[in-house]
Each structure stands twice: as structure tokens, then as C-alpha cells.
Amino acid sequence: MIKDNIPVIINPLTHLFNLSISSGIVPDKLKLAKVVPVYKNKCESCIPGNYRPISLLSVFDKLLEKVMYARRYSYLQAHNILYKYQFGFRKKYSTSMALIDFIEKNYQNQNDGKLCAGVYIDLLKAFDTVNHDILLYKLHNYGICGVIYDWFRNYLTNRQQYTCIGGVKSSIFCISCGVPQASVL
């Protein structure tokens, strides 16, 4: 239903989001993820390692996260906090740019007669193993404090998920580390 070209739901959502941000509390209903395993097109579909878990979040959770993301990203940009070689998860940056930068520096060093080497690490299950205390410590070091810090701490606390395969749902269980892969945060 639309009233005067404004969806009726916008006022309650705006109130809920503002209340969440000003209080530092994320509603528990927005901290539940439905995990769906997606086949990675490898050899055998009967091997669990050939699937990657995708966390499906509620539309309301995603909207709240986008609001917080926009606020925090503009803060980080305005205060020039992000490391200049942070290529992933940034506007106008990409992991391809990181590769180009590496190759350029490699050629420059070779031309200067220096030895060059590269070490490549693929962190298996990286999103699933993020330590909340370390993440919160880093946020605090970047100047995220007060009620916004409390919001992030609450966002990471008491998160729950369940897995759904072929319409069958598992029990709901708490998550003590990691971040939802579908989250913009």
C-alpha cells in the first residue's frame, strides 16, 4: 500500500532503525540467518566441502545494515582512516587493482635489480572464523566508540542461524564467531 507515493512501512522502519542506532541495540529478530548450502560445481555433490554456505538475512536486517554501512563508511572516508592498500570491499577499488599494483611494483623492483617474491594465501572459511573481540578492537582503534561501538558489539552478539536443505530446517544455534557472508557490514 502506498500513501502519497511514500510506502506506509517507511515511517515505522525509520523509527525502528533510528531507535536501534541511538540505543546501540539490534533487535534479536534481525540477527537470525537462514543458511543455504550452494553447490560449487566441483567433482562430487555428496561431499559437504563442495558446498559453500550462503547466509540469507531478512530484508529489514539488510536495510538496517546498509544504513549503518553508509554512516560508518562516510566516517572512515572523511577521516582518511582506511589503509591506502585496502582494495577489497571499497568503492572504486578492487582486488584486480591490488594485482596491478603488485605487478607494477614487481617490475619496478626487477628494473632496479632487486629480487622479488610473492606469497599468496587463501584463507579458508575466512568469513566464518572472524574473531568478534579482534574485530571490535579494530573498530575501536579506528575511532568507532560510544553508542555506535555498542551497536556493533550488539550486532555481533547473540547471532543465530539455522540451515535449510531441501525444505528441511535444522535447529537454531548461536554463532560465537564469524560474520554473515550476505551482510554488507
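This is a predicted model: local features need pLDDT of at least 70, side-chain atom pairs count only at pLDDT 80 or more; totals for chains, interfaces and linings use all residues.
**Stop 1: the largest pocket**

Start with the largest pocket. Its volume is about 1,400 Å³. Select Gln86, Phe89, Phe127, Leu135 and Leu185; of the 32 lining residues, these are the closest to the pocket's centre.

Now colour the helices. Which helices each supply at least two residues of this lining? Helix 2 (59-78), helix 4 (132-141) and helix 5 (146-156) do. Helix 2 gives the largest share, with 5 residues.

**Stop 2**

Move to the second largest pocket. Here the volume is about 380 Å³. Select Phe87, Thr95, Ala98, Leu99 and Tyr120, the closest to its centre among 13 lining residues.

Apply the class colours again. How many charged residues does this lining have? There are no charged residues; the lining of the second largest pocket divides into 9 nonpolar and 4 polar.

**Stop 3**

Switch to salt bridges. The model has 4 of them by the rule used here.

Select Asp61 and Arg159. Their side chains form a salt bridge, with 4.0 Å from N to O.

Are the two partners buried or exposed? Asp61 is buried because its relative accessible area is 1%, under the 20% cut-off. Arg159 is buried too, at 3%.

**Stop 2: Asp101 and Lys105**

Go to helix 3 (residues 95-111), which holds both Asp101 and Lys105. The two are 4 residues apart, about one turn of the helix. They form a salt bridge, and the closest N and O atoms are 3.3 Å apart. Check Lys105 against the surface. Lys105 is partly exposed, at 33% relative accessibility.

**Stop 3: Asp150 and Arg153**

Return to helix 5 and select Asp150 and Arg153. Both residues lie in this helix, 3 residues apart, about one turn. What separates their closest N and O atoms? The distance is 2.9 Å, in a salt bridge between Arg153 and Asp150.

Keep the surface on. Arg153 is partly exposed, with a relative accessible area of 39%. Asp150 also counts as partly exposed, at 29%. Both values fall between the 20% and 50% cut-offs.

**Stop 4: Ser170**

Finish in a loop. Select Ser170, which lies between strand 6 (168-169) and strand 7 (173-175). Ser170 counts as partly exposed because its relative accessibility is 34%.

Show its neighbours. Leaving out residues up to four places away in sequence, Ser170 touches Tyr162 and Thr163.

Last, draw a C-alpha to C-alpha distance from Ser170 to Lys34. How far apart are they in space? The distance reads 9.7 Å, across a sequence separation of 136 residues.

Methods:
Residues are numbered from 1 along each chain as its sequence is written. Side-chain values use heavy atoms; hydrogens and water are left out. Buried means under 20% relative accessible area, exposed over 50%, partly exposed in between (1.4 Å probe, protein chains only). Contact means heavy atoms within 4.5 Å. On a 1 Å grid over the protein atoms alone, a cavity is a set of points where a 1.4 Å probe fits but cannot get out, and a pocket is an open set with protein on both sides within 12 Å along at least five of seven lines; lining residues have an atom within 4 Å of a point. Grid points are joined across faces, edges and corners, and a volume is the space filled by probe spheres set on the points. Ala, Val, Leu, Ile, Met, Phe, Trp, Tyr, Cys and Pro count as nonpolar, Asp, Glu, Lys and Arg as charged, and the others, Gly among them, as polar.
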